[in-house]
Amino acid sequence: MAHVETLIVGAGLAGLRALYALGQKGITATVLEASDEIGGVWNHNRYPGARCDVESFDYSYSFSEELEQEWRWTERYPTQPEILRYINHVADRFDLRKDIVLNTRVEEAAYDEDRAIWTVTAADGRTRTANVLMLCLGQLSAPKIPSYPGQDTFAGKLIISAIWPKEKIDFTGKRVGIIGTGSSGMQMTPVIAETAAHLTVFQRTANYSLPAANAPLSDEEVAQVKANYAARREQIRNSPSGLGFRPGKVKTLEVSDEDREAALEKSYHRLGFGFALTFPDILLNEEANAVASDFLKRKMAERVSDPELKKKLVPSDHGFGTRRPSVDGGYFEAFARDNVSLADIREHPIVEFTPEGIRTEEKLHELDIVIFATGFDAITGALLKPRIVGRGGQTLAEKWADGPLTHLGLATAGFPNLVMVAGPGSPSVLSNVIVSIEEQADWYAQMLATMKAEGTVEFETTETAEQGWTDYVQVRARETLYGTADSFYNGGEVAGKPRVFMPYSGGVRHYRLKLIECADAHYAGFEQRTAPLARSTDVAANG
Ligand code: N01
């Protein structure tokens, strides 16, 4: 049985970055990846139009100045193929592949309390052991796949946006249906509309979206960013959400009507969903949020000419930013095409699939291809897929039955020597996630190196620490308007999921300070043992 100091599960942006960080500290690690390729969500989300809605300069690793200078992004918002190329380049550039095992889906991980060792079993039955288990499974990576009556009888092709096939799908002459109008559905709509015979977008909830203002990057622009990269990274690390611009400081209602309109207009054309930071109170104060929401509703309405469509496509049931908004490349304009129509499934819900297509309460939509762009079981979904067994045989699913409990988003009591990246209780989906990933990866590497040097064989967060942090996450969330809508921030995206606010909303900078504080206090909230608790308890019990 192969043994390493750390087993990392998942070879996406987080797993690779953790592998690099541990290597820098001389800690041996192996990454286990279910797919036949590295890249995580950027390997799987190959749908047409897939791109990141954070600027490429910022959606990239900051750990190597050479990498920053060598790599040349081509567009302001990078496409999925370009990000995947970047991830592969990083793996080669830093010789990471030798420690990555592909085609290895982890099905179970069990903690041996006597030996302080994790045993990980993959789908092929092979087991590996490690002192530490690090879960880098992604926060939006477990796809949510609806199951409608008759779905299996559909004679056409069913595709899931988050597990997009590698072969090219030809939409030419096809009648296509997209279910879901989050970022994925909105991004693919204008692209598929270009070749499909007809495209029907099935919308349950209208979503806020801003134009991407994407453009090729000029050599001058690239040179300018590269000349000042260190300062840009520093600013990002000290920002609320890890985005590369300076957020507004004056409150929404403290400026004149004209200045407010001008500021919103400027952000709208440049910042994507960073628009939310035009004023510091847009996500905190209802009046401020209403101003920003009304501005965006006006803008979205201007992009649609048909009055009936306008009413349907402009959101009316939640404030801007209380659910994840999108950044699109021509979504609203696509509905001006003769071959694109909207099916409002809030008004006329889907009744069933038939061999011919989708029957709603209104009519049968005849289709050749149906795409589920229905999102993810967010934040905890992927973490709870493998059976993870901690102290006393308790599984992580049992422990988190009423919602996740973590100390600083790092670890959970009863599961010694287990840590997670971008999990619940960390800024995760409320941040430019690569910033959060880097912060945690480096922090873990230092923590593990320190504990190794001190002879710690078992570390475990305490119930007091995890309850304290989990409560604090709720307190911070209540300061915001996130609680006013159902979303994947609060478990509202999956029926029956515990309704708990999961990401840390206090910002990237504040989170980083909390991590530093924890480390400076010799990893406060973690018990560190030079022998496994189980063994010392045995010794005590036996006199
Ligand atoms: O998923 P979503 P997504 N029947 O959850 C609908 C990241 N991402 O894949 O709102 C009918 O936002 C659901 O409707 P409702 C990014 O963080 C990033 O689009 O539940 N409809 C909603 O409209 C993003 O925010 C990029 O009423 C159903 C949609 O499906 C996150 O991933 C690109 C349904 C799901 O929207 C998720 O985006 C793509 C059902 N049974 C994704 N179930 C970047 O640019 C769900 N829906 C980085």
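Me: Which residues lie nearest the centre of the largest cavity?
Reply: Quick ground rules: this is a predicted model, where local features need pLDDT of at least 70, side-chain atom pairs count only at pLDDT 80 or more, and totals for chains, interfaces and linings use all residues. Residues are numbered from 1 along each chain as its sequence is written, and side-chain values use heavy atoms, with hydrogens and water left out. A cavity here is a set of points, on a 1 Å grid over the protein atoms alone, where a 1.4 Å probe fits but cannot get out, and lining residues have an atom within 4 Å of a point. The largest cavity has 13 lining residues, and those nearest its centre are Glu 55, Tyr 77, Leu 243, Phe 245 and Leu 271.

Me: How much space lies in the largest cavity?
Reply: Volume means the space filled by probe spheres set on the grid points, which are joined across faces, edges and corners. The count comes to four cavities of 30 Å³ or more. For the largest cavity, the space is about 80 Å³.

Me: Which helix gives the largest share of the shell around the ligand?
Reply: Near means having a heavy atom within 4 Å of the ligand, and of the 27 residues around it, Arg 51, Tyr 148, Ser 184, Thr 205 and Arg 323 come nearest. Helices are DSSP runs (H or I, at least four residues), numbered from the N terminus. The largest share of the shell is three residues, and they come from α5.

Me: What is the distance from the polar side-chain atom of Thr 205 to an oxygen atom of the ligand?
Reply: The cut-off for a polar contact is a pair of N or O atoms within 3.5 Å; within protein, one must be able to donate a hydrogen and the other to accept it, and residues adjacent in sequence count only if both atoms are side-chain atoms. Ser 184 has a side-chain N or O atom 2.6 Å from a ligand oxygen, and a backbone N or O atom of Ala 373 is 3.3 Å from one. For Thr 205, the distance is 2.4 Å.

Me: How many of the 11 residues of α5 are buried?
Reply: Buried means under 20% relative accessible area, exposed over 50%, and partly exposed in between (1.4 Å probe, protein chains only). Among the buried residues of α5 are Ser 184, Met 186 and Thr 189. α5 is mostly covered, and the buried count is nine.

Me: Is Thr 278 buried or exposed?
Reply: Thr 278 is found in the loop between α8 (257-270) and α9 (286-302). Its side chain makes a polar contact with the side chain of Ser 267 (2.8 Å), and the backbone oxygen of Phe 275 lies 2.5 Å from a polar atom of that Thr 278 side chain. Since its relative accessible area is 10%, Thr 278 is buried.

Definitions and conventions
On a 1 Å grid over the protein atoms alone, a cavity is a set of points where a 1.4 Å probe fits but cannot get out, and a pocket is an open set with protein on both sides within 12 Å along at least five of seven lines; lining residues have an atom within 4 Å of a point. Helices (H or I, at least four residues) and strands (E, at least two) are DSSP runs, numbered from the N terminus.
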